[in-house]
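Welcome, and have the model open beside you as you work. Each exercise below sets a task and then walks through a solution.

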Amino acid sequence: MKRIAAVALIHLVLFSVLATGAFAQDYPTRPIRILSPYAPGGISDIAARIVAGKLTEAWGQQVIVENRPGGNGFIAVADAARAAPDGYTLVMATAGDVTINPSLFKNVPYDVDRDLAPVSAVSDAPLVLAANGATPYKTLAEVIAAAKAQPGINMGTPGYGSINHLVLESLSLNTGTTFTHVPYKGGAPAVQALVAGDIPLAIIASSTAAPHVSSGKIRILGITTGERSPLNPEWPPLAQEGAGDINVSNWTALLGPKAIPQPIIQKLSAKVVEILNMRDVKERFAAGGVSTIPSTPGELAARIKRELATYRGVIEKANVHVD
């Protein structure tokens, strides 16, 4: 009897595996939703729409982007985490949604490791340390020297608790300097303030800074990635200019509910990687100052884990908190 039960269990497992594989082979058979945690026009929305359009072309099933802004990205990410794990509800999350929010906020309605399944990293938007063109700052070394001589120089960012803010805190911790953080309500207001000379320095997205560089209104002192960006190789990495181990960017990634069968995850990931390697897709992202960064699910999971630890350390050391 035990032998019969064991054989029956093996057959059941094999049937389940074969059924899941067949289901994945047919997937998708109906429209897919990609949730965006932010309003139309933002980095998550743009990435979602480019990928959705190409998936629709490839699979002949409509892939719809649904914007669900609000709650610091919590609404869309939590909705995706709670969705049926069948591959028909995904989310285009940002780095902040999955690597900062879990450490910055006390009550986060999802656990990244427990509730979400990585599919692929999608886009990468490096940040830059920028100075108003009328200031004397030409290099990071000059900024550090000035901050040590006169602590409290104003430094703008798109908001409290943003990746930009944590880069500022990392810069201060790594160089023994103190800046006065001036948070704005988004990247555009921060750039406008820098261009107008309301603040001498800011940590902003390279894509929003670039249009003002040629006019001389903004001067780029360094980039937050560990290597030079293919978008502009002239910008030196801050880490190589004396800023310590800063190597971050504002990236987007496609994720779904944790229990999506692996064959579906693999099929999704392979197709997204294929799309992100297309020349026209690379050009569309590059036009907005963004690179494509296709990855395997495992590579994305490792990046999330690594950056979770990095930001948690900065948040604790700098005593960054929200009420």
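**Exercise 1. Find which residues of α4 are buried.**

Step 1: In α4, the buried residues are Ala95, Gly96, Asp97, Val98, Thr99, Ile100, Asn101, Ser103 and Leu104. Buried means under 20% relative accessible area, exposed over 50%, and partly exposed in between, with a 1.4 Å probe and protein chains only.

Step 2: Helix α4 covers residues 95-104, and nine of its ten residues are buried, so the helix is mostly covered. Helices (H or I, at least four residues) and strands (E, at least two) are DSSP runs, numbered from the N terminus.

Before going on, a note on the ground rules: residues are numbered from 1 along each chain as its sequence is written. This is a predicted model, in which local features need pLDDT of at least 70 and side-chain atom pairs count only at pLDDT 80 or more, while totals for chains, interfaces and linings use all residues; side-chain values use heavy atoms, with hydrogens and water left out.

**Exercise 2. Describe the surroundings of Val112.**

Step 1: Val112 counts as buried because its relative accessibility is 10%.

Step 2: Leaving aside neighbours within four places in sequence, Val112 is in contact (heavy atoms within 4.5 Å) with Val98, Pro102 and Ile304. Val98 is also one of the buried residues of α4.

Step 3: Now look along the chain. Val112 and Lys305 are 193 residues apart in sequence, yet 9.2 Å apart in space, C-alpha to C-alpha.

**Exercise 3. Which residues have the most contacts inside the largest nonpolar core?**

Step 1: A nonpolar core is a set of buried Ala, Val, Leu, Ile, Met, Phe, Trp, Tyr and Cys residues joined through side-chain atoms within 4.5 Å.

Step 2: The largest one has 53 residues, and Phe179 and Leu201 have the most contacts inside it.

Step 3: Not counting residues up to four places away in sequence, Phe179 touches Val143, Ala147, Gly152, Ile153, Met155, Leu168, Leu171, Ser172 and Leu201.

Step 4: Another core, of 31 residues, lies apart from it; Ala48, Met92, Leu276 and Phe285 are among its members.
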